[in-house]
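Please look over the structure shown here. A short report goes with it.

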Amino acid sequence: MPGDRDRLSYDESQQYRSVVAQQGRVTVPADFNEAQEIFAEEQRKEALDIVGPSGTPDDGYKVGFPSPDPNFDLLIGAGTMYVGGMRVSLLQPVRYFAQPDWIDPPAPNAVPPNEYIYLYLQEQEISAVEDQSLKDRALGGPDSTQRTRLLQHIVRSSTQGKDCPEALQEQIQEWAAEGLGFNAATMRLTSFSSLKVGFDNTGTTPDPCDPTASGGYLGAENQLIRVRITDPQQFVWGFDNASFLYRVEVVDSQTVKLESPPVDAFHQPRAGQAVELLRAEGTLSDGEFMAYDVGRVDVLAEPYNADSETIRLPAPLTDDLIPPKGTPRLFLRVWEESKPIPPGTPVSLGSTGVNVTFESQGGFHAGDFWAFAVRPSSPVEVYPARYTAFAQSPDGPRRWACPLAVIAWNALGGTSGNTATGVILDDCRNFFDNLVELTARKSGSSCCTISLSPKDKTTLAQAIAQLAGNDRATICLSPGTYALTAPIILDAKNSGLTIEGCHEEVAIVPATGADDVFLHGMFILDHADDITLRGLSFHLPQAHATNLPLAMKAEELLTLGSFDVNRVLVGIGVRAFASNGLTVDHCQFGLQPPPPSDHDSFEAAIMLGGACDRLTIANNRFVHEGVSLERAANHFGVRFAIAMGPVSRVTPTITPATPAGGGVLTAVQGSVLPAVLPQAAITNNFFSGVSAAVFLYGDLGDVRLEDNNVRECASGFWLFSSRTLPFLDSLLQNQPELRTLSQAVKAEPVILIGGSWLRGYPWPGALNDADVTPVNLVTASIPPFQGSPGMVEKGFVLDSVLIIMEAQAFLAKPAAARLALVCAQNLLNGFSGSGAGEISQGALVAWGTFDDVTTTVVVSGNQIRSTGLQGGFPTASLIWLARVTVTGNLILNEGVVANKNSLILVPAASSGAGIPTIGVAITGNVFRGAPSLPARPLAAPLNVWDVLNTIVP
């Protein structure tokens with residue numbers, strides 16, 4: 001609340017540096033206040049110059065989601081944020097509905113659309129009436145000084161934007177409608193309003209015989225007059241800077257009692273005087289409450305009753321003004337008058353002789369205030385004098401806004417009512433390193449070996465060539481667009497290289513007309529170890545598969561299923577082959593929109609082959625706008641975010657049989673390089689609009705899938721042992737319970753088309769003969785295709801050929817890794833219902849090896865959902881795994897098909913001498929759709945898992 005000041009003397013345009021006290025002179029409060037403001041403003045401007053408009057050094061104010069919640073709550077992370085040079089912090093995470101500085105934030109819509117989340121700051125004074133600890137008890141309780149505070153509001157606004165720039169532009173329009181402009185360079189919200197001060201008369205002497213007419217300010221006391229807009233059509237004004245604020249108690253619906261009496265009879269509220277009722281806005285750490293700066297204004301019909309210390313209001317109190325339910329505390333502030341705003345027309349302030357004129361370029365904003373001093377000794381002067389020269393912008397309150405994130409919501413059904421999960425579409429925060437980190441870089445502990453910008457003559461490829469053979473080198477890319485004319489190829493001599501983008505977007509795009517040179521990826525890693533890609537934004541190409549070099553035997557293999565490579569467009573971001581220690585961190589992969597209807601598409605943001613150990617893929621975004629899996633009769637579009645599979649090669653002497661009726665392949669010759677992933681961590685990534693978020697087919701070892709978010713995708717995480725697909729038919733002879741699922745897998749387009757292209761897509765480099773397994777079959781049978789002719793049939797034929805090759809290759813070599821999977825804290829909403837022909841199934845699929853009893857799997861704390869539109873696919877499938885724990889998950893099949901399954905779990909075979917006991921634990925889960933689980937080795941009724949879980953219809 002405004003303090004009882006004598007005047008406001010700080011004027012930025014004077015560019016004063018400090019206040020100098022002189023001996024023997026009177027000290028006035030304005031000098032002290034101006035010294036404080038000069039210092040604070042200089043400090044703010046220095047921070048603005050150093051940090052920039054906004055930034056966090058410690059990941060502060062990160063927007064998150066506490067849990068699936070019916071109220072669409074948010075969780076704002078602890079940390080620090082600089083906004084326009086002002087430093088604010090949260091000591092601990094704060095929920096949206098439990099903000100200390102905003103105890104009653106508005107609730108969102110029932111199912112909100114995309115939302116723009118921003119931090120709103122407003123500078124406000126706190127008085128001893130609000131925080132009574134400011135009173136000096138040693139002096140008997142009078143208040144002395146007041147305090148200023150930056151109030152922090154986490155604001156959410158509906159938006160149609162899908163990223164921060166789009167949402168900000170929408171929000172700027174909303175602020176403009178409220179009378180505020182936004183300065184992106186300072187993050188300030190500035191008012192369109194202005195005010196000029198004048199006088200009703202100027203003092204004239206019309207007749208020499210008459211006394212001089214009085215002019216200017218007519219009051220008898222020095223005053224600081226405060227003028228404030230209460231709504232776009234109304235304003236109030238008051239003496240003493242409108243500093244008289246009271247705590248009040250509600251006596252009845254129209255009567256309030258002041259907790260402390262006015263200081264004297266002159267300051268007792270009078271009939272015709274304006275009072276403002278203020279609710280509590282926020283809480284202080286000592287339990288006291290801060291008042292809103294704007295409230296309900298009433299004009300009193302009756303004066304203050306000194307005997308009862310009460311005020312009779314002209315209208316009843318509304319529910320929101322009645323403590324404790326409406327507000328924990330009610331305040332009342334006293335003004336002189338409330339008057340309408342006639343823009344451009346002077347309005348007299350009572351009988352003071354002073355008038356004010358309001359002007360605006362876009363409406364008036366409630367809360368804007370001006371404070372100017374008048375003196376009887378100089379009645380035609382105003383302090384500051386600029387108020388009479390031209391219209392002035394408001395003195396306050398100062399406001400800032402800092403974008404935090406753009407989010408989207410998924411509303412979920414449930415037996416206990418609707419819940420919702422959120423997803424970050426775009427993180428709007430800026431980050432900066434502190435001086436300790438920057439100094440460490442300069443000293444060489446984490447330096448940029450080469451720094452590039454898009455305007456430099458040196459290209460990224462040239463910089464990489466310069467660093468060949470340097471261990472642990474770093475290339476830092478300044479913000480901008482880097483148009484590649486050829487793939488970035490990294491091999492053994494580039495091992496240890498880091499390519500890092502600055503905090504703003506570093507876009508890696510194909511140069512205009514150069515898409516076709518990126519058939520094997522934009523970044524190609526060939527036996528390049530410990531490569532780190534960080535902070536890059538990849539825009540995938542659309543390369544014509546026709547241009548694959550014939551020497552790679554691509555056309556013979558990919559046309560085996562009658563695919564027309566002339567119509568296939570390929571987009572690959574990062575392709576790694578036999579490269580250990582690859583880290584992809586804080587990158588974005590933008591998959592292409594659907595191609596023309598006369599083209600097919602195959603895309604993989606990250607495509608792995610050979611043996612790739614110590615893989616880390618964290619904090620990335622994989623986004624495709626459009627349907628996630630096209631599978632029309634004569635058209636396909638398969639898009640992987642992260643994919644790995646064997647690399648197969650065949651000679652051109654192969655003769656395909658008739659696809660529909662099955663047949664015999666002759667002279668099958670070639671080789672297979674198994675995919676091996678001994679250790680991988682895929683954490684905190686966002687996937688949207690892809691056919692499969694993660695598709696891994698090979699010898700898998702320690703794989704961690706944690707804190708990922710999958711939404712609007714055809715499928716989620718699919719992991720297959722290399723001993724699964726080639727031997728599926730023979731292994732299922734004695735397991736009829738898996739026959740339906742097996743048939744679904746064998747007819748699945750993600751496998752038949754996407755998986756086949758992944759495995760059959762050629763590698764451009766040489767293959768080490770020691771790594772590959774040769775295949776040499778005189779004849780091989782292809783089973784007849786069961787289904788309607790079309791693209792899936794073509795994929796079935798190619799898949800059958802690859803399986804024939806892989807079966808022989810994998811029988812010849814033992815597995816190079818044993819699966820140890822941890823799948824925890826993921827949101828797998830692996831479905832989309834917006835596009836015709838899309839499917840939704842298999843949010844989690846993990847298949848081990850039939851007789852491998854060393855595999856371990858932990859599935860914990862996930863939300864796993866699918867619609868199960870295709871028969872045979874449960875929401876989650878855990879097949880042929882030895883030791884498994886499934887604990888604390890939501891596994892929900894939201895499909896409408898009959899006999900839908902949420903989870904199917906089939907342990908590996910456990911018979912044989914010396915075979916360890918298979919172990920399974922399934923507890924604390926919520927299933928929608930009946931799960932298919934192994935029996936417990938206990939007597940009834942404890943021989944089933946139902947008693948330890950919840951199953952809903």
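## Basis

This is a predicted model: local features need pLDDT of at least 70, side-chain atom pairs count only at pLDDT 80 or more, and totals for chains, interfaces and linings use all residues. Residues are numbered from 1 along each chain as its sequence is written, and side-chain values use heavy atoms, with hydrogens and water left out.

## Glu288

Glu288 sits in the loop between strand 16 (274-283) and strand 17 (289-291). Strands here are DSSP runs of E, at least two residues, numbered from the N terminus. Glu288 counts as buried because its relative accessibility is 13%; buried means under 20% relative accessible area (1.4 Å probe, protein chains only).

Beyond four places in sequence, Glu288 touches Glu130, Asp131, Gln132, Arg247, Gly282, Thr283 and Arg329. Contact means heavy atoms within 4.5 Å. The Glu288 side chain makes a polar contact with the side chain of Arg247, at 2.9 Å. Such a contact is a pair of N or O atoms within 3.5 Å; within protein, one must be able to donate a hydrogen and the other to accept it, and residues adjacent in sequence count only if both atoms are side-chain atoms. A polar atom of the Glu288 side chain also lies 3.4 Å from the backbone nitrogen of Gln132. Ser133 is 155 residues from Glu288 in sequence, yet the C-alpha atoms are 8.9 Å apart.

Strands 22 and 23 (residues 354-360) pair over 2 bridges; two strands pair if DSSP finds at least two bridges between them. Ser348 has Asn355 of strand 23 as its bridge partner.

Another open sheet of 3 strands runs 2-3-6, again with antiparallel pairing. Its edges are strand 2 (63-64) and strand 6 (94-95). Strand 3 (residues 75-76) pairs with strand 6 over 2 bridges. Ile76 stands opposite Val94 there.

## Nonpolar cores

The largest nonpolar core has 83 residues, of which Phe523, Phe538, Phe589 and Phe717 touch the most other members. Strand 50 (residues 692-706) gives the most to this core, with 6 residues. A separate second core of 55 residues includes Met607, Leu728, Val797 and Ile879. A nonpolar core is a set of buried Ala, Val, Leu, Ile, Met, Phe, Trp, Tyr and Cys residues joined through side-chain atoms within 4.5 Å.

Beyond four places in sequence, Phe717 has contacts that include Phe687, Leu705, Cys823 and Leu844.

Key: Helix = DSSP H or I, 4+ residues; strand = E, 2+ residues; numbered from the N terminus. Buried < 20%, exposed > 50% of the residue type's maximum accessible area, 1.4 Å probe, protein only.
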